[in-house]
Amino acid sequence: MSGKYNITLLPGDGIGPEIMAVTVEILKVIGKKFEIEFNFQEAAIGGVAIDATGEPLPAETLKICQDSDAVLLAAIGGYKWDNLPRSQRPETGLLGLRAGLNLFANLRPATIFPQLVDASTLKREVVEGVDIMVVRELTGGIYFGQPKGIFATEKGVKRGVNTMAYTESEVDRIAKVGFETAKKRNSRLCSVDKANVLDVSQLWRDRVTLMAGEYPDVELSHLYVDNAAMQLVRAPKQFDTIVTGNLFGDILSDAAAMLTGSIGMLPSASLGAENPGVFEPVHGSAPDIAGQNKANPLAMVLSAAMMLRYGLNQEKAAAAIDSAVIQVLDKGDRTGDIMSEGMNLLGCREMGESLLKALENI
Ligand code: NAD
């Protein structure tokens, strides 16, 4: 396996630079092992960008991201910037990045590591072995449909309106990501909608069903969103890959992620059609532990694995990172957020060193 890629690094704020430093060291070793050449270029986003330029997403940062093969983002935000006007907040930089790269698909895995089963609030027998990927449409549906707003009626009563709308092509492109993702996993795709009530969902179901013909190896099923929510907490092991719209995906991906119980372990990927994808942990900048070498770098490291798998098509390299993570957990190495009795408490840097050691044997 070989390849040459320009990777933009956006360390951001809080614990961001700490977990990014660990991840870059791991990618350097992965590069040597699998003959992959990474050219890293760092750029500013979020609070650090506001301090340096007055803007959360400087034009130069967006340009560097657009010109690269993939973007690794750590986390943004912090108390210092919380009271700025919305247009200057760190989060606005994140939304600008998603829009600027036209990232329409969000992939969020919920994987239970056997070593961390007891971190879940659900019973061991319910969650043991859970391995779900939620593919959420990110740029359409009710969050963007027109008309939207709060309007006064003729009688002077205020009426709030949002519109859930999807075009055929919007459904098709996310359905394709759903089928392709399922193909890289266990080839089972569950499409979630509300077709018994919503016309927009009927169109969604029709298009997804039509596309199934192109993927004879993927087993397609459909669930209404209310039932899907119920099944996720009742018997989550029945799911492999879920594809759904923006609103349903927002809610279901959080519910699925929390089956795992540990926010420091959750990676994500956002993909566009032609633009580079953005790969980032689900958690924020954790300002309460920033600069203390206490952060769990594993969600960031697993985001780099997602970059290799879904952004760069380097499956073997991705699998090597996954298995290094499993090895360190097997050894009993833990950061504070996933610590339990009898395990070895490590700092962020030490967890990185343990991962590098594990990679030597892979
Ligand atoms: P958070 O995810 O930063 O932290 C929630 C809790 O989880 C904290 O106690 C934190 O210490 C802990 N935690 C999070 N990640 C951890 C890790 N890797 N290792 C160990 N512990 C970890 O959420 P929050 O406190 O609500 O937000 C803090 C800041 O992050 C805010 O400014 C918020 O806007 C921002 N934020 C950014 C993103 C992003 O960059 N995508 C996402 C969510 C929140």
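Residues are numbered from 1 along each chain as its sequence is written. In this predicted model, local features need pLDDT of at least 70, side-chain atom pairs count only at pLDDT 80 or more, and totals for chains, interfaces and linings use all residues, while side-chain values use heavy atoms, with hydrogens and water left out.

**Largest pocket.** Select L94, L95, R98, R136 and L138, the closest to the centre of the largest pocket among its 25 lining residues. A pocket is an open set of points on a 1 Å grid over the protein atoms alone, where a 1.4 Å probe fits, with protein on both sides within 12 Å along at least five of seven lines; lining residues have an atom within 4 Å of a point. The space amounts to about 610 Å³, a volume being the space filled by probe spheres set on the points, which are joined across faces, edges and corners. Next, colour α4 (90-100), which gives the most to this lining, with 4 residues. Helices (H or I, at least four residues) and strands (E, at least two) are DSSP runs, numbered from the N terminus.

**Helix α7.** Select residues 199-212.

**Cavities.** Finally, select M164, Y166, S201, G245 and F248, which lie nearest the centre of the largest cavity, a set of points from which the probe cannot get out. This cavity holds about 80 Å³; β8, α7 and α9 each give two or more residues to its lining.

Note on methods:
Expected span 1.5 Å × (residues − 1).
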